[in-house]
Amino acid sequence: MKRILIHGALFSIVLFVVLELFFRFVLPASSWPRGVYEESGIRKFDSESFTSGVYTYGRYCRGRYTWSINGQGWNSIFDYETAAERNKPAVAILGDSYLEGFFSDVDKHVDVFLTELFQGQVGFYTFAMSGGFLAQYIAIIDHHAERFEPDAYVIFVNAADVAASIRQLSFRHPYYFQYSREPDGSYQIVRTPAVSRSPLRDRLLASSLVRYLRSNVQLKALGGGLADANAAEDEPAQKRRPESDPAALQEAAGFLLSRLNALGKPVLLVADCPKAWIYEGGDRTDYPDVIALKDVLPGHDNIALLELAPFYEEEFRKSGRRFSVSHNNHWDAYTNQFIARTIQGHVSGLLQPR
């Protein structure tokens, strides 16, 4: 019996070592940065540990995209400077995992392509994190992005940016700012407790096997990795509850736009769309949240909205290329470059004297 136990223990150790090496060198398990919180409650990445790595997705470890966390805590090759420190205008970019960019190399992000298009004469600072929505973007602007004094904002919106921002229309988010609609019709900001990743979890994630099971396999018992509602190959499900009142959604959209308009700086909303209709040749479909934002946009003079749908349709007709990586909805480097070209003229308009 004792011999059996010894042999079993030795076999387990050898198997663990073999799997560790396999998921480190053959099928490299995903690595990702450590999320931390500022005193304000804004979640970003730790700029002092886990500052670079390779991101893979799926059981077959697709992608192998490089990421790099800058000194300000974001996945970007650029360091962000205040107006006094730089000699050129800057545009802040806000978005969710599409802009966060773990599904393309960090030097092939939208901000990099925009910097090239503007020949380095404009700085582009990206503040993006998986699962983001408008309420969180407003909080990032108020508590974090404004310290860099950008001249304008570009905010990407998609499936549930309005609904997820309001607790009564969606869900209680575990670590992003949201608004609560009070009985008198006002909206109050709600900050959730800030809890950074524990040192014990960091030690566990040193194991390539643990990272493979958590992020690539998305084993629920280990909490999953960076995947969010955008990760599925099919169109992402709406986070909003089916019973949400369209009038309530529109009212919430009006409130969120008023908050952005009050910044006193030009804001460009860039609206994404479902893409099955583009690939399959059906009738155009749009996200209800984007429709609500369009409906209440008049009167918000500091805000413009650009819909990507017609540009996607034209580009797909010419190239036949999908706007995502393989087996996943997230943008690839090709799409990042296409998006940068598409919004270039509109970004130029943001920087013109008004």
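The model is predicted. The chain holds 11 helices and 11 strands, and 54% of its 354 residues count as buried. A search of the whole structure finds 15 salt bridges.

**Overall dimensions**

- The C-alpha trace spans about 80 × 50 × 50 Å along its principal axes.
- Of the contacts between residues at least 6 apart in sequence, 71% join residues at least 24 apart.

**Nonpolar cores**

- The largest nonpolar core has 59 residues, and the members touching the most others are L94, F127, L134, I155 and L260.
- Leaving aside residues up to four places away in sequence, L260 touches L134, I138, I141, I155, V267, L269 and I303.
- A second, separate core contains 34 residues, among them V91, V110, V122 and F156.

**Nonpolar surface patch**

- A nonpolar patch on the surface is formed by I6, L10, I13, F16, V17, L21, F22, F25 and V26, with about 850 Å² of accessible area together.
- V26 lies in helix α1, which covers residues 2–26.
- The relative accessible area of V26 is 47%, so this residue is classed as partly exposed.
- In soluble globular proteins, nonpolar side chains tend to be buried together.

**Salt bridges**

- R34 and D46 form a salt bridge with their closest N and O atoms 3.4 Å apart. The pair links distant parts of the chain, 12 residues apart: R34 is in the loop between α1 and β1, and D46 is in the loop between β2 and β3. Both R34 and D46 are buried.
- R86 and D151 meet in a salt bridge with an N to O distance of 3.6 Å. They are 65 residues apart, with R86 in the loop between β4 and β5 and D151 in the loop between α4 and β7. R86 counts as buried at 9% relative accessibility, whereas D151 counts as partly exposed at 35%.
- K294 and E307 form a salt bridge at 3.2 Å, N to O. K294 lies in helix α9 and E307 in strand β11, so the pair ties together parts 13 residues apart in sequence. K294 is partly exposed at 32% relative accessible area, while E307 is buried at 19%.
- Salt bridges with shared partners join R284, D286, K294 and E307 into one network.

Methods: Residues numbered from 1 in each chain as written. Predicted model: local features only at pLDDT ≥ 70, side-chain atom pairs only at ≥ 80, totals over all residues. Heavy atoms only, no water. Core = buried A, V, L, I, M, F, W, Y, C linked by side-chain atoms within 4.5 Å. Buried < 20%, exposed > 50% of the residue type's maximum accessible area, 1.4 Å probe, protein only. Contact = heavy atoms within 4.5 Å. Patch = residues over 30% accessible without salt bridge, like charges linked within 9 Å, V, L, I, M, F, W, Y side chains within 5 Å. Areas by Shrake-Rupley, 256 points an atom, 1.4 Å probe, with all protein chains shown as cover. Salt bridge = Lys/Arg side-chain N within 4 Å of Asp/Glu carboxyl O. Helix = DSSP H or I, 4+ residues; strand = E, 2+ residues; numbered from the N terminus.
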